[in-house]
Structures are given as C-alpha cells and as structure tokens.
Number of protein chains: 2
Amino acid sequence: MDELNLLLVDDHPVVRAGLKAVLTEQAGLRVVAEAADGAAAIAQLNRLETLGEHVDVVLMDLQMDGMDGVEATGRIRSAGGPPVLILTTYDSDSDIRTALDAGAAGYLLKDAPLARLTAAVRDAARGRRVLSEEVAARMDPAARNAATDLSPRELELLGLLSRGLVNRQIARELFISESTVKTHLIHIYSKLGVDTRTAAIDQARTLRLIR
Amino acid sequence: MDELNLLLVDDHPVVRAGLKAVLTEQAGLRVVAEAADGAAAIAQLNRLETLGEHVDVVLMDLQMDGMDGVEATGRIRSAGGPPVLILTTYDSDSDIRTALDAGAAGYLLKDAPLARLTAAVRDAARGRRVLSEEVAARMDPAARNAATDLSPRELELLGLLSRGLVNRQIARELFISESTVKTHLIHIYSKLGVDTRTAAIDQARTLRLIR
DNA sequence: GGCGTCGCCGCCCCTACGGATGATCTTCGA
DNA sequence: TCGAAGATCATCCGTAGGGGCGGCGACGCC
C-alpha cells in the first residue's frame, strides 16, 4: 500500500484546506474526508467504513466546538478505529497527558515544519508513537526542570484553582480537608516561585502547565 | 488591477501553506511573500518595495513568537504601508481593540468561511473596514450585554489581576490608592457575577474579556 | 440644571488566605 | 530495608482580600 488515507478533523476551514493542500502534494498521502468536530469525525469514520473506504490515520485538532479532540480520540480508539495523531496549537502539559492517555498515537504542534508532519503521519500509520521534539522533551522525566515539576495531585489542584474555586470548594471537590488544600497550595507556590493563588495561575499558564 | 498581491504573516507553516493554497485558487489573489513574525513581515515589505513589487493587503496573525501582530501592524501603518487584515484564532475584546487601535483594517477569525475571508481581503484592499460578524457584534455598543460591560479602567485592572498582582502592586502600578483598587474590584466582581479575584479572572477569560 | 457614569478615596469588619511547623501513612525505588 | 516523596491532617498567627457603608469631583447628556 503506497497511498495513506487521512481523515482531517479541525474546526477551522482554512487550516483544513491548508493541511489538505500540503499533504496531498506530498506523495503517498490522500485526504479522504474532513470533519469540523469530534462527533462529525466519528460519523465520517462510520460512513467510510460502510463504503469500504479505509482510513489509515486521523489528524485531529484538540480545541474544537462540540465534541473536543480528547473525547473523540478516546471514542475512536476504544472502537478500534485508526491511529489518531493530535495536531494542535497548544502544548500544555495537561493537554498532552490527557491526549496521550486517551490513546493518541502522537502529539504535534501546528508550527512544526511540514517535513516533520508528513513523517509523523507515516509513522503513526505504521503504529509508531510520534511526539514533536518539544513535547517529547517535556514528557521526558529526566529532562524535567525540578523547580516546575508538579505532582499529578498538584496539577489537579492547579486546575481547580484556575477555575476560581476557593479553598473550601477545592476541599469538597477533592474530598480532602481544607488544611490539605492549603498544604498543596504552599507546595505549588514554592515550586512555581510565587506566593499568591493568582500569581500561581499566571505562572502555570506561562509555563504551559495548564491552559 | 485584477490581481491583488498579498503578504501572509503567520508563525505556523501549515496555516501559511493553507492560506496560500486557498487564496491563490480564488481568482484575483496572489501571495507574493510570507513571513513567520512581525519583524520578518516588515523586512519582506521593505524588500518587496525595493524590487518594485506592490503589496495590496497584509494578512496578519496576532499571536506570534518575536514581534507580535499588534506591534507589526502599528509599524506598518505608521510607515504608510498597505492595509493590514488581522486573521486570528482568538477574539478577546482587548485583542480586538488593541489591533484596531493599532490601525488594522479588519479583524477576522480563523474559523471564518473561506468566502468571507476572500471578500474581506478584497474589501481591505479597497480601504474598507471589515469585521467578522461576531466581532462586529462584540464591538457594537448597543448590542453589548450590560452585565459584562466593563469600563476601560476596569478592564485595565482585570489585566493586572490576571498577571497575579496583589492589590498593593496594582495600586502602585496605576498610581491610585489601594482603596480605589478595592472599589474597582468590587465593581468588576458585581458585573461579572463573582466574588473572588480568581473567579473574576476565570469568568473574564470565558467571556473573552481578556486572554 | 439635574442625573448618571466614571474614577477616586476613606472607614469598619470579618473571613479567607498564606507562612511556619509538625505529624502520620503509603508507596516506591535504591 | 531504609529513606525519599507524596498525600493527608492539624494548630497558630498575621495579613490581604472582600463586603458594606459613605463621599467627592469631572464629564456628558437630556
């Protein structure tokens, strides 16, 4: 099989058209369908299956109206669908983790060079995991900056923080005491080098720990 | 003159390629140069000028590494350059305002349909102001939701809030007393329907008052 | 001229928050 | 098996933040 069949999922018509133009000009890639959100992507996969069309790789954006990329990825994977390659603008730690946990075959940034993109598509089609350099470096435990290495629990707290919850609400949400919430916050502050919750949110955002 | 000459400015190669593919397929549009950030865009304009090449419209992303779109727009406009059409993913009030203040000829979202994009390019080339529907509605004073209509000063406070400053720092930054900061915050909270600073930041973000 | 909005300032009060410190339990790897 | 790291909880303390007042000058609009 020489030609790989792709499904593009992105809510920006311009980006879809661009990907299509770029990828079809590269030998061996064929865009067989497009979708503007996760639900449409799944519908397209079902439609193509009934037509006997094969899809080798799904190129999926994360941020979309309607069903987002993470959920769609999870559903496609659990249904035994084709490998899903995430192609997105953002590279927050939590995004990457949830996407990979959902079964994504890879995670690329939209500012990746075209050669890398096409190579990633081919790798994903062969069942290999592909991460862009920055993402791989981010996920490599050895290369992590110790100062910004928050525990999963602390990242969870950070998420609730950024949603504007007060300590009491965070405590209830996580079924822990308010004291524990405060302890976690102190740890987060010291790791991020700040001393207030709003500064922690800001810092976490610039470090791309959260979105 | 039938063919319009465009300069594309976007730090995503994929998006640039997509725009180029889409726009050149539309009759009358020609992409004469591309740039990955604001500084490169200005350099390209200078280069094209010495070559005697004319640029009718600059299509500019806002979020870029290096010189961002707002600053680049300001410089291009103040140098008597071609009209600049902003094409971006985000539509926060503050982004729109600063871009238009910097002299942008229009503001479009990347999820705009292609027909609208090409129409906007032609309008911009003719010196007309173009805003996407959502943006225009947002900027229309009559259509504003009174509950979320913050004064300019309050938006300014909100920006400092989101950067994690404490009241004392905000006061110093704005040369006002801490009491006044508190008063502004109270007003912001009541307009946003929240009662803590973090919740205000979150709400302002979801309402796209800030980024 | 009066009314509303905006920006500015002060007081009081109470709570939430942040800092310091110390402690228990689990898990995991050296 | 011992220690490090994570998650949990607690108490004490001081301050920053938020709520409720009231007030003042400037500006624009009817």
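Me: Start with chain A. What share of the contacts with a separation of 6 or more is between residues 24 or more positions apart?
Reply: In chain A that share is 63%. Keep in mind that this is a predicted model.

Me: Ok. How many helices and strands does chain A have?
Reply: Chain A has 10 helices and 6 strands.

Me: And what percentage of chain A is buried?
Reply: Of the 211 residues in chain A, 52% are buried.

Me: What order do the strands take in the sheet of chain A?
Reply: The order is S2-S1-S3-S4-S5-S6, in an open sheet of 6 strands with parallel pairing. At the edges of this sheet are strand S2 (29-35) and strand S6 (130-131) of chain A, and each of them pairs on one side only.

Me: Pick a pair inside it. How many bridges join S4 to S5 in chain A?
Reply: There are 4 bridges between strand S4 (residues 84-88) and strand S5 (residues 106-109) of chain A, and the two strands run parallel. For one residue of that pairing, take A:Leu85: its bridge partner in S5(A) is A:Gly106.

Me: What holds paired strands together in general?
Reply: Strands of a sheet pair through backbone hydrogen bonds, and the pairing can be parallel or antiparallel.

Me: Now chain B. What does its sheet look like?
Reply: Chain B has an open sheet of 6 strands, ordered S2-S1-S3-S4-S5-S6, with parallel pairing. Strand S2 (29-35) and S6 of chain B each have a single partner strand, so one side of each has no neighbour in the sheet.

Me: Which residue is opposite B:Leu7?
Reply: B:Leu7 stands opposite B:Val58 in S3(B). Strand S1 (residues 4-9) and strand S3 (residues 57-60) of chain B run parallel and are joined by 4 bridges.

Me: Different topic. Where is B:Arg129?
Reply: B:Arg129 is in a loop of chain B, between helix H5 (114-125) and strand S6 (130-131).

Me: Buried or exposed?
Reply: B:Arg129 counts as exposed, because its relative accessibility is 56% and the cut-off for exposed is over 50%.

Me: What does B:Arg129 touch, leaving out residues up to four places away in sequence?
Reply: B:Arg129 touches B:Leu100, B:Ala104 and B:Ala105. With B:Ala104 there is a specific distance to note: the side chain of B:Arg129 reaches the backbone oxygen of B:Ala104 at 3.4 Å.

Me: And how far is B:Arg129 from B:Tyr107?
Reply: Their C-alpha atoms are separated by 8.8 Å, and B:Arg129 and B:Tyr107 are 22 residues apart along the chain.

Me: Last topic, the contact between the chains. How many residues does each chain put in?
Reply: Chain A gives 29 residues and chain B gives 29 residues. In chain A, A:His12, A:Val14 and A:Thr198 lose the most area to chain B, together 25% of what that side buries.

Me: What area is buried in total between chain A and chain B?
Reply: About 2200 Å², with carbon and sulfur atoms giving 68% of it.

Me: Which helices of chain A supply at least two residues to its side?
Reply: Helix H1 (13-25), helix H5 (114-125), helix H7 (152-162) and helix H10 (197-206) of chain A do. The largest share, 8 residues, comes from H1(A). By class, the side of chain A that touches chain B has 15 nonpolar, 7 polar and 7 charged residues.

Conventions. Residues numbered from 1 in each chain as written. Chains lettered and ligands numbered in written order. Predicted model: local features only at pLDDT ≥ 70, side-chain atom pairs only at ≥ 80, totals over all residues. Heavy atoms only, no water. Buried < 20%, exposed > 50% of the residue type's maximum accessible area, 1.4 Å probe, protein only. Contact = heavy atoms within 4.5 Å. Polar contact = N/O pair within 3.5 Å; in protein donor to acceptor, adjacent residues only side chain to side chain. Buried area = accessible area lost by both parts, 1.4 Å probe. Nonpolar A, V, L, I, M, F, W, Y, C, P; charged D, E, K, R; others polar. Pairing = 2+ DSSP bridges.
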